Amino acid sequence: ADLEALLEEDPGQTVRELTEQLGLGLATVDRHLHKLGKVNKTGKWVPHKLTEVNKNQRLTTCISLAAKQKKKSFLHRIVTGDESWVYYENPAPKRQWLDPGMPAQSTPKPNIHGKKALLCIWWDQKGILYYELLQPGETVTAERYAAQLNRLSEEIDRKRPFTGKGKRNTILLHDNAKPHVAKATRQTIEELGWEVLAHPDLAPSDYHLFLGLKTFLREKHFKTLENLQNSIDEYFGSKNEDFFWKGIHDLPNRWEKVIAADGDYFD
């Protein structure tokens, strides 16, 4: 009964923390946990809470994108970009003791004030096109982002030589962060002749590239930015073209899941 009460209060406690509170041995607590039918799961990170307006916008956008894709595929034209903080210290998410079938509780992202650097990256269905790892403390301004897009355009021309007729029809998939929608950015995108894809907060970098990178960096500790960048290079270098293709081509499946969930998040 005491063990159940402690788990109801906080299912994220470790076996060692439980033993200290109950005054029992590790083996005894572990045996009681399994006797209660508890299983150990890792919580997942969740985005911001969706309002009804958010849900309706997501639903409408996904219906439109799914219809457009079914009419004529455009996934090969997508270049997606995003930013993510990468940390010098990377602890593993806390595990929780739960009943079978119960979802793990969401966990706030740790170490938000720890030493970190901003990773800015762009990629397509074939691989990484361009990325920058900023110095600790540096962030992206509208002017910097516009300059990054120009460098990205140069890398696209170098890594993906255009052999078609007319002009390259690049579709840029990025979120609506302030630097991404600023006047300088919009002007740069217009000058480059790119199209911007409206999307329902479903960025391939979030659900595919960054997810794998964070897993790769888990429990790693870095003393210098160079060490961190070398590890990131190692991660990208370990991925073949199929990995990137899957990240982009999973978009229609995710649009359909949003539609099925009436605009809400899905598992």
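Which residues form one aromatic cluster? In this predicted model, whose local features need pLDDT of at least 70 and whose side-chain atom pairs count only at pLDDT 80 or more, while totals for chains, interfaces and linings use all residues, the cluster is formed by Trp123, Tyr131, Phe216, Tyr235, Phe236, Phe243 and Phe244. Residues are numbered from 1 along each chain as its sequence is written, and side-chain values use heavy atoms, with hydrogens and water left out.

The chain contains 11 helices and seven strands, where helices (H or I, at least four residues) and strands (E, at least two) are DSSP runs numbered from the N terminus. Of its 267 residues, 41% count as buried, a term that stands for under 20% relative accessible area, with exposed meaning over 50% and partly exposed the range in between (1.4 Å probe, protein chains only).

A pair of aromatic rings is described by the distance of the centres and the angle of the planes. Rings of Phe, Tyr and Trp (its six-membered ring) are paired if their centres lie within 6.5 Å, and the planes count as stacked when under 30 degrees apart, as edge-to-face when over 60 and as tilted for the rest. Nine aromatic pairs are present in the structure. In one of them, the ring centres of Tyr131 and Phe236 are 5.4 Å apart and the planes stand at 70°, so this pair is edge-to-face. The pair links distant parts of the chain, since Tyr131 belongs to strand β5 (residues 127-133) and Phe236 to helix α9 (residues 225-237), 105 residues apart. Tyr131 is buried, with a relative accessible area of 17%, and Phe236 is buried as well, with a value of 9%. The rings of Tyr235 and Phe243 have centres 6.4 Å apart and planes at 90°, so that pair is also edge-to-face; both Tyr235 and Phe243 are buried.

Charged side chains are also found over rings, a term used if NZ of Lys or CZ of Arg is within 6 Å of the ring centre and within 35 degrees of the ring normal. The charged end of Lys220 sits over the ring of Phe216, at 4.2 Å from its centre, and Arg254 lies over the face of Tyr207, 3.8 Å from the ring centre.

Gly263 is placed in the segment after α11 (251-260) and is buried, with a relative accessible area of 0%. Although Gly263 and Leu59 are 204 residues apart in sequence, their C-alpha atoms are 4.3 Å apart in space.
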